[in-house]
Amino acid sequence: MLLAVAVSLKDRFVITADRDEKIRVSSLEQPHIIEAFCLGHSEFVSELCIPSNHPQLLLSGSGDGTVRLWQYLCGTELDCFKMSDVQASGCQKARCTVTRIVHCKQGDYLAVLCDGFSSVYILQLDVVAQKLNHRQTIAVTQRAWDVAFDDSSGLWILDGGMVVLYQAQEGHWQNILQHPDKLKMEEAIHGQMEESQDSVIGNNYSSLYKVSLDNMAQYQWKKELRIHRTLNKRALEPVQLSGHSKRTTV
């Protein structure tokens with residue numbers, strides 16, 4: 001099951017991810033040729049992002065609740081950021097799926113969404129130190145369906161049926177209440193939200209997680225089933241007479 005796709009600069013490589021935790025780097029012209037694997041996630045990979053100004057790097061999000069930084073051509077993991085470290089105390093879920101990663105050239109900021117959380121997490125990519133650092137958590141009033149950066153480095157958030165704009169001011173992202181494009185964008189998406197929201201609400205990542213089995217309980221159940229079948233089989237067998245047969249001579 002293919003879950004995420006990214007194409008490198010100049011369309012040289014195609015990077016794919018699926019349910020088996022592996023990230024594959026393949027030649028776009030010959031996709032059957034795998035150049036490298038990026039291995040490290042412990043659950044399905046749900047999101048991929050290549051920073052346009054750092055085409056040698058790859059960002060990935062997963063059902064294991066992490067955002068990872070890779071040098072993908074050699075399959076080297078550079079950093080692993082756990083989203084549980086920035087979630088509010090008492091609100092941490094046993095499972096957290098990273099559903100969206102978008103990158104802003106100016107400042108190398110990242111906006112990250114997680115399934116089931118009403119916040120947008122702002123990370124910053126430190127290319128020199130090869131690290132991901134948390135800068136801010138933006139709370140939304142309803143639910144953040146999607147995020148995007150514009151050419152002016154503004155962060156647009158689809159909060160329920162509303163469009164919210166944030167811009168970085170002295171290293172802090174602040175809500176811009178008045179903007180000429182906000183009303184136009186809300187009108188454009190309002191009709192589509194009513195049609196698509198029901199299907200989006202039903203979107204659930206729980207079916208993608210690995211199923212762990214209790215091996216001992218399964219063994220005990222199979223053993224009892226085997227014994228039960230054996231007893232039933234014996235009960236249906238005809239009664240065998242014991243003793244030696246006698247030969248009559250005339």
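Predicted model: local features only at pLDDT ≥ 70, side-chain atom pairs only at ≥ 80, totals over all residues.
Residues are numbered from 1 along each chain as its sequence is written, and side-chain values use heavy atoms, with hydrogens and water left out.

**Exercise 1.** Describe how strand β11 is covered and which strands it pairs with.

Solution. Start with the terms: strands are DSSP runs of E with at least two residues, numbered from the N terminus, and two of them pair if DSSP finds at least two bridges between them. Buried means under 20% relative accessible area, with a 1.4 Å probe and protein chains only. In β11 (residues 119-126), seven of the eight residues are buried. Next, take β10 (residues 109-114), which pairs with β11 in the antiparallel sense over four bridges; here Tyr-109 stands opposite Gln-124. Then turn to β12 (residues 131-139), which runs antiparallel to β11 and is joined to it by eight bridges, with Asn-133 as the bridge partner of Gln-124. Finally, β11 forms a hairpin with β10, with four residues between them, and a hairpin with β12, again with four residues between them.

**Exercise 2.** Locate Asp-11 and Ser-153, and state the phi of each.

Solution. Asp-11 sits in the loop between β1 (2-7) and β2 (13-18), and its phi is near 55 degrees, a positive value. Ser-153 belongs to the loop between β13 (144-149) and β14 (155-159); its phi is positive, about 70 degrees, and at 12% relative accessibility Ser-153 counts as buried. For context, most residues other than glycine have a negative phi.

How values were computed:
Buried < 20%, exposed > 50% of the residue type's maximum accessible area, 1.4 Å probe, protein only.
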